[in-house]
Amino acid sequence: MNPHRVVVVGYGMAAARFAEQVRARDPHGDRISLTVLGAERRPAYNRILLSNAISGRLPLDTVLLHRPGWGQQHAVDVRTGVSVLRIDRAGRQVLLDEHSVLEFDTLVLAIGSQPFLPPVDGLRAPDGSLARGVRTFRTLDDCQRIIESAASGTPVAVLGGGLLGLETARGLASRGNRVTVVHAVNRLMDRQLDQPAGAMLAEVLSDHGLTLRLDQLAVRYRPGVGLELADGELVPAGLVVVTTGVRSRTGLARRAGLAVRHGIIVDDELRTSDPNIRAIGDCAEHNGVTTGLVDPAWAQAEVLADLITDAGPTARYRDTPTVTRLKARDVELVALGDTQVAVDASDAEVLCLHDPSGGRYGKLVVRDDRVAGAILIGLPDAGATISQFYDRSLPVPADRLALLLGRVLPELPSRADPGGLPDDEVVCRCNTVTKRQLVDAWRGHDPSLSGLVTATRATTGCNGCRSAVHRIAEWLSGGPVAGPVAPATREGQERSDPVPTPMPNPTPNPMSTAILHPVAD
Amino acid sequence: MDDQSRGVATHCPYCALQCGMTVHIGPKPEIAPRPFPTSGGGLCRKGWTAAELLTSPNRLTTPLMRENGALRPVGWDDALDFVASRIAEIQATHGKDAVAVFGGGGLTNEKAYALGKFARVALGTSQIDYNGRFCMSSAAGAGIKAFGLDRGLPFPVTDLADADTIMLVGANVAETMPPFVQHVRGAAQRGGLIVIDPRRTATAELATLHLQPAPGTDLALAIGLLHLAVVDGFLDQPYVAERTTGFDAVWRIVAAWWPERVERVTGVSVADQRACVRMLAAARSAFLLTGRGTEQHADGTATVSAWINLCLALGMPGRMGAGYGCLTGQGNGQGGREHGQKADQLPGYRKIDDPAARAAVAAVWGIDAAELPGPGRSAYELLDALGTPEGSRALLVFGSNVAVSAPRAGHVVDRLAALDLLVVADIVLSETAALADVVLPVTQWAEEDGTMTNLEGRILLRRKALPPRVGVRGDLEVLRGLATRLGQPAERFPIEPEQVFAEIGRASAGAPADYSGIDYDRLRAGDALHWPVPGRESIGTPRMFLDRFAHSDGLARFVPVDFQGPAEQPDAEYPLYATTGRILAHYQSGAQTRLIPELAAAAPEGFVEVHPDTAARMGLADGDLAEVVSRRGTVLARVHCVTSLRHDLVFLPFHFPGDQRANLITNPALDPTSRMPEFKTCAVRLIPARVSADLASSVTSQMKVTGTVDTDR
């Protein structure tokens, strides 16, 4: 039986993952012959890492997902620098630009998205290409050109204060550029954040050296000079990086007569309106949504690999919950779900914590005992924990505030005064000796430190509790008690400085104690 | 010889720390701590009370044979004659592999060696494995892949004292080997103790930084930390270039695990990931140590490989004052895996399918290499096949309590019931022994000499302190008794431990775990000998890999591994993760420690730790009786509400018998390399118990031995 011929148009993160997943299920190509057509002249690379590359933290070649030669090693016909002119659906073939054709049994469109350019004068050259000094940020080539144009100290304007814009701005700022972010809406990341969160983020980013121009339309770019804003201000910029969103690439599909709205419309099996053609990743629209994110793209790649290899014929793609993470050093931001809910909303519980001087903001929206939305700035633990509750739709804890604060904080009895320890507190863990046993031993046995040790074996394990036992002895005697607790000769114990007791000592919490103590008390 | 008034210097019978202790002989033997580097003169509660088992009324003192459904005392000759004749019959009809052997990581080196030799030579069976498969096998597999050789800690444990940073991954040492805590205290004082555990354990409470990954996601975390190490500029490029190979292939996988993605999968915040990498990378001296929590998964070997990859990227292994190590659990978990109880190995850590290894061992054993069987089934696969047409029909168990300790224990008990013959050698009537056709009472710690290899690969002499209880025999004597009845020459199975140890030296000479330079006299003199010890003049190898790793090119290997997730995920029907582990008062299946009144009183019954919110949702409160239900079985347990626990996680200790066996619910999904079962993650639901039960008294009613033992089978 001839293998089923699969042609993949596109060689980005979705396509690369799809090819890997097909080969994981059909390692030698017995069932599936695979051809991958990439328009760029290099193997697939990890777009997510480009913001690291722009900040200069990673050499560019480390972002490659595949080494050159990956295709040969995995029985995949990888062709780079190849574009598809047209799809011949009736003939089940694609026309390549060198006027050759390629036949397929199944065609997979993984052609991604392209940057959207707002209608601002001067961004395009007369021939329609980008004007000198203007860059979008999508490809590795873009990244390279931005790095080349942004010599240290060069003023840069970033047009668009969404996720990608802010990550780019932070990356460039850490290279030593003066960066101004121009955003048309009155708050940053307006799709994900509410007003106070946007304001907080603006504050934090300003503190980190970014200049922000919010609620400002750019009207004209003057090459080499700067960006003119609607209010007449001129933002100096040797380079403008345009990050005003992306649009799915749909032209090829549209010309072939496939159903297209924002993206190429697919069902749960990633099937387009032509059953022989599938689409995954940024170019695909599922349930009315084009995500532009890698997690759904990879989930789609896995489902499609299951279906095409017949390894999982019942696999279906379901919408994946979206969690937005700003990948910028020193700025911890998580946004998920429905965040534009007023604090006094009647149909949801909304918790809100606003700490302007600490640069922290937390908002938690709970509906039907589940996380419905959240924004967390400067609260990394809460961000990580709430994402888990949201992703898995787990019932939220009874103590909502504890969830918003991020860590479960046990109540701490006073350690300074042994009298404050509960009687059943274990003082010596190695030998499970409680305060009560020590007290009883003191009273019923031998009121001395060595008597306590003999009677209870406290301190004879790891010896970590010796100062606690000593304090209890002093507390019981009402005065100083002689002697270190050293029941057995200890090799390798030249460090004999006082040892803190192994007692609950929660990891440092970013929240100030001023907020915590009223809860614990 | 030993001065009786001062007692006998020996080591603890329990975990791999092998704390130094002195046994004082009297009507009631007593224990005192003794200075020793691993324990620093400390003992935990188990160590202090260890002598009580020597005089326990529950000790077996006569062989037992099943007659009309009940176990009844018989003489040694009758028992051994019966076992040997049944073995002969079964093998004559069904072939050599119809008889299987199951060993333990608590056996001395001499017993482990003799057991492997007995299986391969006297029984001629390939079917031998041991409970260490359930313990250290994933770390061992990953260590061999990376370094070419596996020794739990390739450095003395005292090297930890000066570390700036120590990262403990899935290791709750404050409960499982308490005196070990002194070795990490320096790092803790310097603000450099990192603990990775889904639970806020006693060990986590000592930590500077505690990361709590979702159960079953350690592999993603390890991969993610390597990603961050590279992106944040901590890759030790000269070390990677000079001492390793394979980084590039690993990076292609690791590159796809950026920290925000790792946070989403593991629940560990990017900030904590970054702090963790910085603490490891910026330390002058840093160690990463793994325990069962990260190893006992169906992807356990891959997970350990990922931790080792992180260490290699940071240039830690094979350097003074830095490194990777696995914290061996069982008393002789290290030695037990080196001397031939493992299905695929021969003594000296030799591979059974290596012709040169076969020839070397066969020559020592005085047989033709062609007579040696090949590799057999791994532990769970061996148990799972028992009594089936493909599997063995008879099983000999030494030093293991599989009815409690194996995964999916209910099924394992069914397999034991399907056997034609079950023989168990033990010191007490363990749950497994209670199912046997023949029970052979054997000597224990302090009643016999023997060597142990501790967690740092140091060989120790555990000395005989008192005569054995009347009626019991040493395992070596039992094996000789069976071997001779099966036609073997008696001299092939010596019963003096020192003589057996000398044979281990010959059988391991030139092998990876080379003991040929060790003898009892050197051990009696107190020599600190870490293997390999390739000759009398060798002082051993306290620190391995300083010049080269054990692969033929001397380089360590980065091993490309990717994250898939646990074999079983929570769903609507089984919405919680369950994980299992140990508590301080008990050891392993609890067969020994449950018989010690002080320990039994400290932890009398099985329990399940659960977050109070989760308990309340299930209609349960602290102290209630609950059923923990998985696809494989149901455990009865007392609810302990713990506020620091994740809402989606419950924890059960695995030391309890009967309906309280945590392993009734665990998942026997196996690691592809180590064949380690997935003990640490499975999906469960929690419901109020539908029966009332007195858990504590059903624990203590087990294993009471009187003249006749009526145990239904």
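Student: Is the crossing of helix 2 of chain B and helix 19 of chain B left-handed or right-handed?

Tutor: Please keep in mind that this is a predicted model. The crossing of these two helices of chain B is right-handed. The residues that make the contact are B:Leu80, B:Asp81, B:Val83 and B:Ala84 from helix 2 of chain B, together with B:Gly481, B:Leu482 and B:Arg485 from helix 19 of chain B. By class, these contact residues comprise four nonpolar, one polar and two charged.

Student: At what angle do the axes of helix 2 of chain B and helix 19 of chain B cross?

Tutor: An angle is read together with the approach of the axes. Here the axes of helix 2 (residues 76-94) and helix 19 (residues 475-485) of chain B come within 9 Å, and they cross at roughly 50 degrees. Angles of 65 to 115 degrees would count as roughly perpendicular and those under 35 as roughly parallel; helix 2 of chain B and helix 19 of chain B are therefore oblique to each other.

Student: Which strands does helix 2 of chain B lie across?

Tutor: Helix 2 of chain B lies across strand 4 (64-67), strand 6 (99-103), strand 16, strand 17 and strand 18 (438-441) of chain B. Relative to strand 18 of chain B, the helix runs at about 130 degrees.

Student: In what order do the seven strands of the open sheet in chain B stand?

Tutor: The order in chain B is 5-4-18-17-16-6-7, and the pairing is mixed. Strand 5 (70-73) and strand 7 (128-130) of chain B are the edge strands, each pairing on one side only. On average, neighbouring strands of this sheet are turned by 20 degrees against each other, direction ignored. Within the sheet, strand 16 (residues 394-398) and strand 17 (residues 421-426) of chain B pair in the parallel sense over five bridges. B:Val397 stands opposite B:Val424 of strand 17 of chain B.

Student: Which residues of helix 11 of chain A meet helix 13 of chain A?

Tutor: They are A:Lys435, A:Leu438, A:Val439 and A:Trp442, which meet A:Val469, A:Ile472 and A:Leu476 of helix 13 of chain A. This contact has six nonpolar, no polar and one charged residues. The axes of helix 11 (residues 435-444) and helix 13 (residues 466-477) of chain A come within 11 Å and cross at roughly 45 degrees. The crossing of helix 11 and helix 13 of chain A is right-handed.

Student: How many residues of chain A are in contact with chain B?

Tutor: An interface is read by its residues, its elements and its composition. 49 residues of chain A are in contact with 52 residues of chain B. Helix 9 of chain A gives the most to the side of chain A that touches chain B, with eight residues. That side of chain A has 20 nonpolar, 18 polar and eleven charged residues.

Student: Is the peptide bond from B:Trp531 to B:Pro532 cis or trans?

Tutor: The bond is cis, with omega near -5 degrees. B:Pro532 is placed in the loop between helix 21 (520-524) and strand 21 (556-557) of chain B.

Student: What average pLDDT does chain B have?

Tutor: Chain B averages a pLDDT of 94, and 97% of the residues score at least 70. Over residues 705-713 of chain B, however, the pLDDT is below 50. The model scores ipTM 0.87 and pTM 0.91.

Definitions and conventions:
Residues numbered from 1 in each chain as written. Chains lettered and ligands numbered in written order. Predicted model: local features only at pLDDT ≥ 70, side-chain atom pairs only at ≥ 80, totals over all residues. Axes fitted to C-alpha atoms, helices over the stretch in contact; angles between N-to-C directions. Helix = DSSP H or I, 4+ residues; strand = E, 2+ residues; numbered from the N terminus. Parallel < 35°, antiparallel > 145°, perpendicular 65-115°, else oblique. Left-handed = near helix turned anticlockwise from the far one by under 90°. Contact = placed C-beta atoms within 7 Å. Nonpolar A, V, L, I, M, F, W, Y, C, P; charged D, E, K, R; others polar. Pairing = 2+ DSSP bridges. pLDDT = per-residue confidence, 0-100.
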